[in-house]
Amino acid sequence: NPAERLNLDEALAHSLEVAQGAGDILKNYFKRLERGKTNGALMAEADQATEEFIRSRIREMYPQSQFLTEETPPGGYSRVTNSPCFWIADSLDGEMNFSRGDENFTLTLSLAVGSQVQLAVVHLPQRGRTYWAQIDKEGVFLNGLPVKVSENSSTRDMVVALDWPYSAKHRET
(Lines give C-alpha, C1' and ligand atoms only; values in the text may rest on other atoms or scores of the structure.)
Protein backbone atom coordinates (compact mmCIF):
# COMPACT_ATOMS: atom_id res chain seq x y z
CA ASN A 1 0.00 0.00 0.00
CA PRO A 2 1.71 3.25 -1.15
CA ALA A 3 -0.10 5.31 1.50
CA GLU A 4 1.53 3.32 4.30
CA ARG A 5 5.03 3.96 2.92
CA LEU A 6 4.45 7.67 2.44
CA ASN A 7 6.99 9.97 4.05
CA LEU A 8 5.11 13.23 4.61
CA ASP A 9 8.25 15.32 5.07
CA GLU A 10 9.53 14.17 1.67
CA ALA A 11 6.09 14.67 0.11
CA LEU A 12 5.94 18.21 1.50
CA ALA A 13 9.45 19.07 0.27
CA HIS A 14 8.54 17.78 -3.18
CA SER A 15 5.22 19.64 -3.12
CA LEU A 16 6.97 22.89 -2.25
CA GLU A 17 9.39 22.44 -5.18
CA VAL A 18 6.49 21.63 -7.52
CA ALA A 19 4.57 24.69 -6.32
CA GLN A 20 7.58 26.95 -6.96
CA GLY A 21 8.05 25.58 -10.48
CA ALA A 22 4.34 25.82 -11.26
CA GLY A 23 4.35 29.35 -9.86
CA ASP A 24 7.16 30.28 -12.24
CA ILE A 25 5.01 29.11 -15.15
CA LEU A 26 2.10 31.26 -13.96
CA LYS A 27 4.40 34.26 -13.49
CA ASN A 28 5.62 33.93 -17.08
CA TYR A 29 2.06 33.84 -18.40
CA PHE A 30 1.09 36.73 -16.13
CA LYS A 31 3.86 38.85 -17.69
CA ARG A 32 2.31 38.18 -21.11
CA LEU A 33 -1.11 39.59 -20.18
CA GLU A 34 -2.23 42.58 -22.19
CA ARG A 35 -3.92 44.94 -19.78
CA GLY A 36 -7.41 45.98 -20.76
CA LYS A 37 -7.97 43.04 -23.11
CA THR A 38 -9.88 39.82 -22.65
CA ASN A 39 -7.30 37.28 -21.57
CA GLY A 40 -9.43 34.12 -21.48
CA ALA A 41 -7.34 32.15 -23.96
CA LEU A 42 -4.05 33.04 -22.27
CA MET A 43 -5.54 32.24 -18.85
CA ALA A 44 -6.77 28.83 -20.06
CA GLU A 45 -3.33 28.11 -21.56
CA ALA A 46 -1.64 29.10 -18.29
CA ASP A 47 -4.01 26.90 -16.28
CA GLN A 48 -3.44 23.90 -18.55
CA ALA A 49 0.35 24.30 -18.71
CA THR A 50 0.56 24.62 -14.94
CA GLU A 51 -1.66 21.59 -14.33
CA GLU A 52 0.41 19.48 -16.74
CA PHE A 53 3.59 20.58 -14.95
CA ILE A 54 2.13 19.69 -11.54
CA ARG A 55 0.98 16.26 -12.71
CA SER A 56 4.27 15.38 -14.38
CA ARG A 57 6.45 16.56 -11.48
CA ILE A 58 4.35 14.77 -8.86
CA ARG A 59 4.38 11.58 -10.94
CA GLU A 60 8.19 11.70 -11.11
CA MET A 61 8.27 10.94 -7.40
CA TYR A 62 4.88 9.21 -7.08
CA PRO A 63 4.24 7.40 -10.39
CA GLN A 64 0.88 5.88 -9.38
CA SER A 65 -0.59 9.24 -8.38
CA GLN A 66 -4.24 10.00 -8.94
CA PHE A 67 -5.41 13.63 -9.24
CA LEU A 68 -8.58 15.45 -8.36
CA THR A 69 -8.71 18.77 -10.24
CA GLU A 70 -11.30 21.15 -11.65
CA GLU A 71 -11.00 19.20 -14.87
CA THR A 72 -11.81 15.83 -13.25
CA PRO A 73 -15.15 14.75 -14.70
CA PRO A 74 -17.86 14.29 -12.03
CA GLY A 75 -18.00 10.56 -12.84
CA GLY A 76 -14.29 10.31 -12.02
CA TYR A 77 -14.54 11.55 -8.42
CA SER A 78 -15.14 8.15 -6.86
CA ARG A 79 -12.29 6.55 -8.84
CA VAL A 80 -9.90 9.17 -7.48
CA THR A 81 -11.22 9.42 -3.94
CA ASN A 82 -11.31 5.64 -3.53
CA SER A 83 -7.62 5.31 -4.34
CA PRO A 84 -5.28 4.87 -1.33
CA CYS A 85 -3.85 8.35 -1.77
CA PHE A 86 -4.45 11.13 -4.24
CA TRP A 87 -3.49 14.72 -4.98
CA ILE A 88 -5.92 17.62 -5.10
CA ALA A 89 -4.69 20.42 -7.33
CA ASP A 90 -5.96 23.78 -8.48
CA SER A 91 -3.34 25.03 -10.88
CA LEU A 92 -4.82 28.54 -11.10
CA ASP A 93 -7.12 29.62 -8.30
CA GLY A 94 -8.31 33.18 -8.77
CA GLU A 95 -8.71 33.05 -12.54
CA MET A 96 -10.71 36.29 -12.65
CA ASN A 97 -7.95 38.14 -10.82
CA PHE A 98 -5.31 36.60 -13.05
CA SER A 99 -7.17 37.49 -16.26
CA ARG A 100 -7.55 41.10 -15.10
CA GLY A 101 -3.89 41.54 -14.18
CA ASP A 102 -4.52 41.36 -10.42
CA GLU A 103 -1.65 39.63 -8.61
CA ASN A 104 -3.95 37.94 -6.09
CA PHE A 105 -4.10 34.43 -7.53
CA THR A 106 -2.73 31.16 -6.24
CA LEU A 107 -2.07 27.56 -7.03
CA THR A 108 -2.95 24.90 -4.50
CA LEU A 109 -1.75 21.36 -4.02
CA SER A 110 -2.85 18.88 -1.35
CA LEU A 111 -2.21 15.22 -0.63
CA ALA A 112 -5.00 13.06 0.78
CA VAL A 113 -4.81 9.56 2.16
CA GLY A 114 -8.24 8.02 2.33
CA SER A 115 -10.57 10.85 3.23
CA GLN A 116 -8.01 12.87 5.19
CA VAL A 117 -5.80 15.61 3.79
CA GLN A 118 -2.22 15.02 4.94
CA LEU A 119 -0.60 18.19 3.66
CA ALA A 120 -1.55 21.29 1.74
CA VAL A 121 0.42 23.98 -0.07
CA VAL A 122 -0.95 27.34 -1.26
CA HIS A 123 1.47 29.38 -3.36
CA LEU A 124 1.02 33.01 -4.39
CA PRO A 125 3.60 33.35 -7.18
CA GLN A 126 3.42 37.11 -7.67
CA ARG A 127 3.68 37.76 -3.95
CA GLY A 128 6.45 35.24 -3.26
CA ARG A 129 4.38 33.65 -0.50
CA THR A 130 3.94 29.96 0.16
CA TYR A 131 1.64 28.74 2.91
CA TRP A 132 1.68 25.12 3.99
CA ALA A 133 0.38 22.79 6.66
CA GLN A 134 1.05 19.14 7.39
CA ILE A 135 -1.11 16.89 9.53
CA ASP A 136 1.73 15.81 11.81
CA LYS A 137 3.08 19.35 12.31
CA GLU A 138 1.64 22.00 14.61
CA GLY A 139 0.16 25.03 12.85
CA VAL A 140 0.43 26.70 9.47
CA PHE A 141 3.61 28.09 7.96
CA LEU A 142 4.34 31.01 5.63
CA ASN A 143 7.65 30.74 3.78
CA GLY A 144 8.80 28.30 6.46
CA LEU A 145 7.89 30.45 9.46
CA PRO A 146 4.92 29.76 11.76
CA VAL A 147 1.82 31.86 11.15
CA LYS A 148 0.46 33.45 14.29
CA VAL A 149 -3.17 34.35 14.82
CA SER A 150 -3.82 37.98 15.62
CA GLU A 151 -4.76 38.80 19.18
CA ASN A 152 -7.08 41.53 17.93
CA SER A 153 -10.58 41.00 19.31
CA SER A 154 -12.21 44.20 18.07
CA THR A 155 -14.40 43.69 14.99
CA ARG A 156 -13.74 47.34 14.10
CA ASP A 157 -10.11 46.51 13.41
CA MET A 158 -10.70 43.26 11.52
CA VAL A 159 -10.67 42.64 7.81
CA VAL A 160 -13.57 40.51 6.62
CA ALA A 161 -13.51 39.03 3.13
CA LEU A 162 -16.33 37.57 1.08
CA ASP A 163 -16.26 35.64 -2.15
CA TRP A 164 -19.19 34.48 -4.21
CA PRO A 165 -19.76 32.74 -7.50
CA TYR A 166 -19.11 34.73 -10.65
CA SER A 167 -22.52 33.79 -12.03
CA ALA A 168 -25.46 35.78 -10.60
CA LYS A 169 -27.61 32.67 -10.98
CA HIS A 170 -25.32 30.71 -8.65
CA ARG A 171 -25.22 33.54 -6.11
CA GLU A 172 -28.98 33.23 -5.62
CA THR A 173 -28.72 29.67 -4.27
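Student: What should I know before we start?
Tutor: The model is predicted: local features need pLDDT of at least 70, side-chain atom pairs count only at pLDDT 80 or more, and totals for chains, interfaces and linings use all residues. Residues are numbered from 1 along each chain as its sequence is written, and side-chain values use heavy atoms, with hydrogens and water left out.

Student: How many aromatic pairs are there?
Tutor: Five. Rings of Phe, Tyr and Trp (its six-membered ring) pair if their centres lie within 6.5 Å; planes under 30 degrees apart are stacked, over 60 edge-to-face, the rest tilted.

Student: Why is the pair of Phe30 and Phe105 tilted?
Tutor: Because the planes are at 40°, with the ring centres 5.2 Å apart.

Student: Which parts does that pair tie together?
Tutor: Phe30 lies in helix H1 (residues 8-31), and Phe105 in the loop between helix H4 (95-99) and strand E3 (106-113). Those parts are 75 residues apart in sequence. Helices (H or I, at least four residues) and strands (E, at least two) are DSSP runs, numbered from the N terminus.

Student: Phe30 and Phe105, buried or exposed?
Tutor: Both are buried. Buried is under 20% relative accessible area, exposed over 50%, partly exposed in between (1.4 Å probe, protein chains only).

Student: Which residues cluster through ring pairs?
Tutor: Phe30, Phe98 and Phe105.

Student: And Trp132 with Phe141, what are the numbers?
Tutor: The centres are 4.4 Å apart, with 15° between the planes, a stacked pair. Trp132 and Phe141 are both buried.

Student: New topic. Where is Asp163?
Tutor: In the loop between strand E7 (145-146) and helix H5 (168-171). Asp163 is exposed, at 72% relative accessible area.
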